[in-house]
Amino acid sequence: MAGRDRIVHLLRQLERAACRCPAHSHTFHQAAAGGRNTDYAFEMASSNIRYGVGVSAEVGMDLQNLGAQNVCLMTDRTLTRLPPVQAVLESLVRNRIRFQVFDDVRVEPSDSSFKEAISFAKKDSFDVFVAVGGGSVIDTCKAANLYSCHPDADFLDFVNAPIGKGRPVTRALKPLIAVPTTAGTGSETTGVAIFDYEPLKAKTGIASRALRPTLGIVDPLHTLSMPERVAANSGFDVLCHALESYTALPYSQRAPCPTNPINRPAYQGSNPISDVWSRHALSVVSKYMKRAVRDSEDLEARSSMHLASVFAGIGFGNAGVHLCHGMSYPIAGNVKTHTARGYSVEHPLVPHGLSVVLTAPAVFSFTAPMCPERHLEAAEILGADVRQVKRADAGAVLADTLRHFLFDLQVEDGLGAVGYDKDDIPALVKGTLPQERVTKLSPRAHTEEDLSRLFETSMKLY
């Protein structure tokens, strides 16, 4: 009996000493399965990425390796005349790849333009998709791949709730190779496709890890064809991806805790791995963005921003964004007559990166009280001297740092400069409310009145 008692005693000691961390605690997992309110885990997902000068020449070999028999290549009409598409087409022809081209992608796509691409994809039996372009092209190609693999699905089935049904994607999609030509969206790394939902005049999207490209081919030569304002607005998207994901609500505070891992959202909240990518992206933006905008032939700067887009994409693709992006969607969706400098489009346009960054000073001034250390760290990375700054002043310091950054890059002076006034604020707030997929990741809870004040503050920047 003495021996048995000793064994029981040792087992009890081991139980008391057992690891109680979320990854190993049996009692913790019982709580999670039993209805825990907030999440206890996060997961990292990203496309395979290949980077190198001239690496687009390999895409034809990649398609051969995949056994591709019928490829759908998507781009836009402006890009068809530029070196990135020519380089990809030459690789396809050289490797005897059978392909068809869809070049009717709309810059800042809408539900209608998505549906046109989906219809094209459904007309033939494509076994691989290739997207050559910026976020608009890559997102359109993701949607075409998704719905061609779900031919009986209603368009709103996979669109994020509350606009759509937000159903999980449970069927495997076809391989998709993304060749980004802008240094901004990070769409080559993420499972997100964004579009203007015209009935509500607001942006929404589809978010599922299943949408992630199989491979992102990041060729810095492609960024040399970006006009100055495209480079600037793409860079602002990188800037806000990094800032928002780093300051997002921590994953362990996001609710609800999924009852099944398939329901864990792609945008999970800030987490230790995303933090690394987001901070590094912000450092690269601070060092290289102004050079990249001002000199289109500065290959070092444009290459660095192309990588920063990937870094931030991995960060926000798993952590998410929050108020800047949530508020940007009605800014872009309700555009009246604004003509975007440097864009060859025939419709009024507030480019995505611009629509995001115009509210950034107001947003980060608002969110700073919830995580002042992170806001101060961001300001310091962007060049501010924060050695004597109090935690209570973190928001003001980051906001001022952003204003100086934007002024140096000749950004329009607030929402008023792109055609909005105070009378538009109710519509802008209304368009933000359905964006809870991202706005709920704000570290600070907000009301409609808070959103109204943020829009009002953003009417003028300087």
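At roughly what angle do the axes of helix H13 and helix H14 cross? In this predicted model, the axes of H13, which spans residues 372-381, and H14, which spans residues 394-408, cross at roughly 25° and come within 9 Å. Because angles under 35 degrees count as roughly parallel, H13 is roughly parallel to H14. The points below take up this helix pair, then another pair, a pocket and some backbone details.

**Helices H13 and H14**

- H13 passes H14 in a left-handed crossing, and the contact is made on the H13 side by Pro372, His375, Leu376, Ala378 and Ala379, which meet Ala394, Val397, Leu398 and Thr401 of H14.
- When the residues of this contact between H13 and H14 are sorted by class, seven are nonpolar and two are polar, while no charged residue takes part.

**Helices H7 and H10**

- The axes of helix H7, residues 228-247, and helix H10, residues 323-333, come within 9 Å and cross at roughly 135°, an angle that makes H7 oblique to H10.
- H7 contributes Asp237, Cys240, His241 and Glu244 to the contact, and H10 contributes Leu323, Cys324 and His325.
- By class, the contact of H7 with H10 is made up of three nonpolar, two polar and two charged residues.

**The second largest pocket**

- The second largest pocket has a volume of about 740 Å³, and of the 27 residues that line this pocket, Gly166, Ala207, Asn263, Arg264 and Pro265 are the closest to its centre.
- Strand S7, residues 202-207, and helix H16, residues 436-439, each supply at least two residues of the lining of the second largest pocket.
- The lining of the second largest pocket divides into 14 nonpolar, four polar and nine charged residues.

**Backbone details in the loops**

- As background to these points, most peptide bonds are trans, and most residues other than glycine have a negative phi.
- The peptide bond from Ala161 to Pro162 is cis, with omega near 10°, and Pro162 has its place in the loop between helix H6 (135-148) and strand S5 (176-180).
- A cis peptide bond also runs from Ala255 to Pro256, with omega near 0°, and Pro256 lies in the loop that connects H7 with helix H8 (272-294).
- Arg96, a residue other than glycine, has a positive phi, near 55°, and is found in the loop between helix H4 (83-94) and strand S3 (99-102).

Definitions and conventions: Residues are numbered from 1 along each chain as its sequence is written. This is a predicted model: local features need pLDDT of at least 70, side-chain atom pairs count only at pLDDT 80 or more; totals for chains, interfaces and linings use all residues. Side-chain values use heavy atoms; hydrogens and water are left out. Axes are lines fitted to C-alpha atoms, for helices over the stretch in contact, and angles run from 0 to 180 degrees between N-to-C directions. Helices (H or I, at least four residues) and strands (E, at least two) are DSSP runs, numbered from the N terminus. Angles under 35 degrees count as roughly parallel, over 145 as roughly antiparallel, 65 to 115 as roughly perpendicular and the rest as oblique. A crossing is left-handed if the near helix is turned anticlockwise from the far one by less than a right angle, and right-handed if clockwise. Contact means heavy atoms within 4.5 Å. Ala, Val, Leu, Ile, Met, Phe, Trp, Tyr, Cys and Pro count as nonpolar, Asp, Glu, Lys and Arg as charged, and the others, Gly among them, as polar. On a 1 Å grid over the protein atoms alone, a cavity is a set of points where a 1.4 Å probe fits but cannot get out, and a pocket is an open set with protein on both sides within 12 Å along at least five of seven lines; lining residues have an atom within 4 Å of a point. Grid points are joined across faces, edges and corners, and a volume is the space filled by probe spheres set on the points.
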